[in-house]
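Student: Please give me a close look at the inside of this protein. I'd like it as one connected walk, with the cut-offs spelled out as you go.

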Amino acid sequence: MKQKIKILNKRGENLVGVLHETGSTKIVVLCHGARSSKEDNIMVNLAVALENEGISAFRFDFSGNGESEGSFQSGNLSSEVEDLRAVVEYFIGVNRLTVAVLGHSKGGCIVLLYASQYHDIGAVVNVSGRYDLQRGFEERLGENFLERLKKDGYIDVKTRAGSRACRKGLVDYRVTEESVMEALNTNMHDACLLIDERCRFHITLDDLCSLEYNLAYVNHQVKKAVASVHGSLDEINPVQDALEFAKIIPNHQLQIIEGADHLYSSHQHELASVVLRFIKECLQDGNDVSK
C-alpha cells in the first residue's frame, strides 16, 4: 500500500514522500540523486522490491526537487543531510524506526554524510556515490568554474546541447558560489572516517551468497553495516570512486555490478537483488539502534 506523506524540515519547507507500507515498524529511507526525484526508476523499483519482501520503504523529494517545497540549489549538501534528518525524526515521532538509509549518486554522498554526523542508523547503502566532489563540478561547469564564480557569484547552466530549451537560451538551473564552496569544502574521505565504528563490517556482498558460512558469521558479529554498490561502466561517477570508499571505510561491503551504467538502465534487477540481500541480512541480525 502506498501513502503520500508530507514532512516539515527545519527551514519550514514541506518534503513530499511516498511510503510503501507493509505494516512493519521498521523503515528503509531512499534518497534520490542530483536533479532527480522520488519518482526516479531506481527509487521506485527499490521501494517496490523492499515492499514485496515485507519491508516498508519511504522515498521522498529533497527540498527544491520533485513535489517538495523550496528552491533547487546545486550542491546544497548540508541542507539535504538535514532534510534526511527531518525524515528520520518524523518516523521516530510516529513510533517507526529507520533501520537503513540508501542513496543513489549524490544521494549516496548524503547518506554517508548523514552517518558521519548522526549515529542512529543501522545500515547505510551508498549506490554510485561520488568520492571526489570537485571533479563533478569541473565536469559540469568547466575547469575555470571557480574563477567565473568569484567574478560573477553564480553560473547559469543551460539544458543539454541540442534541446529546444537550449536553442532558446533557457537556463536549466543556477549554481551559486556559496553552494559550490560548501560542496568543495566537504571532504568525503574525512567524513567517512567519522562514521560510527558500530556501523562498519567487512564482507563482500558476493560472499553473502554463501549462506552456510555467512549466516553463522553475521549472526554472531554484525551490529551495523555500510555497503557501496557501483556499476562497472558508470559514466558519471567512475567505479574508482567505490574503490576509494572501500579503502577508507575499514569494514566496508563493496559490490561492483558488471556492465551497469550510472542509472542501472539494464541492471535494475541486479541492483535490487544486491540491496535486498544486504538489507535482509541486517534485519535478520536484529540490526537495531536500540541495541
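Tutor: Let's start with the cysteines: a disulfide here is a pair of cysteine sulfur atoms within 2.5 Å. By that rule, the count is zero disulfides. Keep in mind that this is a predicted model, where local features need pLDDT of at least 70 and side-chain atom pairs count only at pLDDT 80 or more, while totals for chains, interfaces and linings use all residues. Residues are numbered from 1 along each chain as its sequence is written, and side-chain values use heavy atoms, with hydrogens and water left out.

Take Cys109: the closest cysteine sulfur belongs to Cys192, and at 8.5 Å that is too far for a bond. Cys109 is buried at 3% relative accessibility (buried is under 20% relative accessible area, exposed over 50%, partly exposed in between, with a 1.4 Å probe and protein chains only). Cys31 is buried too, at 0%.

Now zoom out for a second. The protein has 291 residues, and 53% of them are buried. There are 11 helices and 10 strands (DSSP runs numbered from the N terminus: H or I of at least four residues for helices, E of at least two for strands). Of the contacts with a separation of 6 or more, 71% are between residues 24 or more positions apart; contact means heavy atoms within 4.5 Å.

So what sits in the middle? The largest nonpolar core has 48 residues, and Phe58, Phe60, Leu84 and Leu112 have the most contacts inside it. (A nonpolar core is a set of buried Ala, Val, Leu, Ile, Met, Phe, Trp, Tyr and Cys residues joined through side-chain atoms within 4.5 Å.) Skipping residues up to four places away in sequence, Leu84 touches Val29, Cys31, Phe60, Phe62, Val101, Ile110, Val111 and Tyr114, and that list brings back our buried Cys31. There's also a second, separate core of 30 residues, with Leu46, Ala123, Val125 and Ile257 among its members.

Next, the rings. A search of the whole structure turns up eight aromatic pairs (Phe, Tyr and Trp rings, Trp by its six-membered ring, pair if their centres lie within 6.5 Å; planes under 30 degrees apart are stacked, over 60 edge-to-face, the rest tilted). Phe58 and Phe91 make an edge-to-face pair, because their centres are 5.1 Å apart and their planes sit at 75°. That pair bridges distant parts of the chain: Phe58 is in strand S4 (residues 56-60) and Phe91 in helix H2 (residues 77-93), 33 residues apart. Phe58 is buried at 1%, and Phe91 is buried at 1% as well. Phe137 and Phe145 are a stacked pair, 6.1 Å centre to centre with 25° between the planes, and both residues are buried. Ring pairs also tie Phe58, Phe60, Phe62, Tyr90 and Phe91 into a cluster.

Over on helix H5 (residues 145-152) you'll find Leu146, which is partly exposed at 27%. Leaving out residues up to four places away, Leu146 touches Met181 and Leu184. Met181 is 35 residues from Leu146 along the chain, with 9.0 Å between their C-alpha atoms. In helix H7 (residues 177-184), the buried residues are Ser179, Val180 and Ala183. Seen down the axis of H7, they fall within an arc of 95°, so they line one face of the helix (the arc is that of the directions from the helix axis to the C-beta atoms).

Most residues other than glycine have a negative phi. Ser105, though, has a positive phi of about 60°. Ser105 sits in the loop between strand S5 (97-104) and helix H3 (106-117) and is buried at 12%. Tyr264 has a positive phi too, near 55°; this residue lies in the loop between S10 and H11 and is buried at 0%.

His267 lies in the loop between strand S10 (252-257) and helix H11 (268-284) and is buried at 14%. Beyond its neighbours within four places in sequence, His267 contacts Ile257, Glu258, Gly259 and Ala260. Ile257 takes us back to the second core, which includes that residue.
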